[in-house]
Amino acid sequence: MNTLHSISPVDGRYRRHTEALAPYFSEFGLIHYRVRVEIEYFIALCEMPLEQLKDFNKSLYPAIRGVYENFSEADAEAIKEIEKTTNHDVKAVEYFIKEQFAKLGVLKQAEFVHFGLTSQDVNNTAIPLSLKEASENELFPMLDGILNQISALAEQWKDVAMLAKTHGQPASPTRLGKEMEVFVERIAAQLAQLKAVPFSAKFGGATGNFNAHHVAYPKHDWLAFGNGFVNEVLGLSRSQKTTQIEHYDNLAAFSDALKRINTILIDFSRDVWTYVMMEYFKQKIKEGEVGSSAMPHKVNPIDFENAEGNLGVANALLEHFSAKLPISRLQRDLTDSTVLRNLGVPIAHVAIAIKSLEKGIGKLNLNKAAIDRDLEENWAVVAEAIQTVLRREAYPKPYEALKALTRKNEKITEKSIKEFIETLDVSDKVKYELKAITPFNYTGI
């Protein structure tokens, strides 16, 4: 499909940034993961073994796995064609696999495809498996990458003194590198929490009790089988007591953790945008780019604006996921199904945002002259330092003395600060100490 006809910009305008997510979250991806789960389940039954499968020819395993390992767009189309008749997407997958087994000469054991399962045993393993692999292969490396990029800025600018702004007003100076480290620490902490969330799966028959499995083979330990299949074969974490569907509590936790990271990146985007507005950063000019259709001089911080917008869209969806998915009427309703089909959308918006941030960061040029000018224009910020040293020296009412000097509508300069110091009834040693304090070196540790 021509991307010009896409309804969503995720698959249209920004397709180049999101294409790597398609194998995990597209309709093709979902079908592919369902086929994989069904086939690995059949092999697990053979390995158990069930009595009727104990003589199954294990040399056919590679060919059977080839059904999903070599899964093609034509295969997905064939399943969609079957679905036109079944009007059930998972049943269509079952019939497709049986057709493939027939081609491989597996006829006698074909009815053990989807044996004892409900569709949610397939969906609630296929979807968390796709999310797990998308996270490990795409999302986590993206987040690690932007974390490393901001960390590199912190190192690069660790010695750059900068006027801080609290409530938008001049405040005690800081260092630009340290301000970047604030975001590094925040992102790293939340990323660790995101990575720690288990990818939970439901696997236990129609209402979670292995009813069909147990009635057919009452002597088998189906709980142990389910745990082994989900935890070891698929690499997920099986929820033990379930209804027909997964609880989605851990998926809600995943959504909330990712949402917090996005919120921190929004905070970062807005801060950098503001620094650009303050001219602390200039942006590299790219030949041929236009900043405004009317104002030729404009070089806009569009990458940080784009990131902020996409992170906001992602968070709106993640908020819905965490609030909605853990709720289902009685043993289940179908509201989770259509919501889960959008699972890749917020992750796609995160991918778009991170690409924008990477691009925006790469265009930043430090404008130290503007940073230094702001420091030079705000000598009043050393008042905190002076009154604190005076407190140490037991000087009477030092805060009030500095307040009288600084809280008036006239400019505080280096000259006026030093003249004030000369009027203080302290030793020459203390005066020397106070005069050495400047907006450029009063930056703490």
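One aromatic cluster is made up of Tyr41, Phe112, Phe115, Phe203, Tyr217, Trp222, Phe225 and Phe229. Rings of Phe, Tyr and Trp (its six-membered ring) pair if their centres lie within 6.5 Å; planes under 30 degrees apart count as stacked, over 60 as edge-to-face and the rest as tilted.

A word on the source. This is a predicted model: local features need pLDDT of at least 70, side-chain atom pairs count only at pLDDT 80 or more, and totals for chains, interfaces and linings use all residues. Residues are numbered from 1 along each chain as its sequence is written, and side-chain values use heavy atoms, with hydrogens and water left out.

How many aromatic pairs does the structure hold? There are 20. Take Phe42 and Phe101: they sit edge-to-face, 5.1 Å centre to centre, with 70 degrees between the planes. Phe42 is in helix 3 (residues 27–47) and Phe101 in helix 6 (residues 89–103), so this pair links distant parts of the chain, 59 residues apart. Helices here are DSSP runs of H or I, at least four residues, and strands are runs of E, at least two, numbered from the N terminus.

Are Phe42 and Phe101 buried or exposed? Both are buried. Buried means under 20% relative accessible area, exposed over 50%, partly exposed in between (1.4 Å probe, protein chains only).

Next, Phe112 and Phe115. Their ring centres are 5.1 Å apart and their planes at 35 degrees, so the pair is tilted. Phe112 is buried at 11% relative accessible area. Phe115 is buried too, at 16%.
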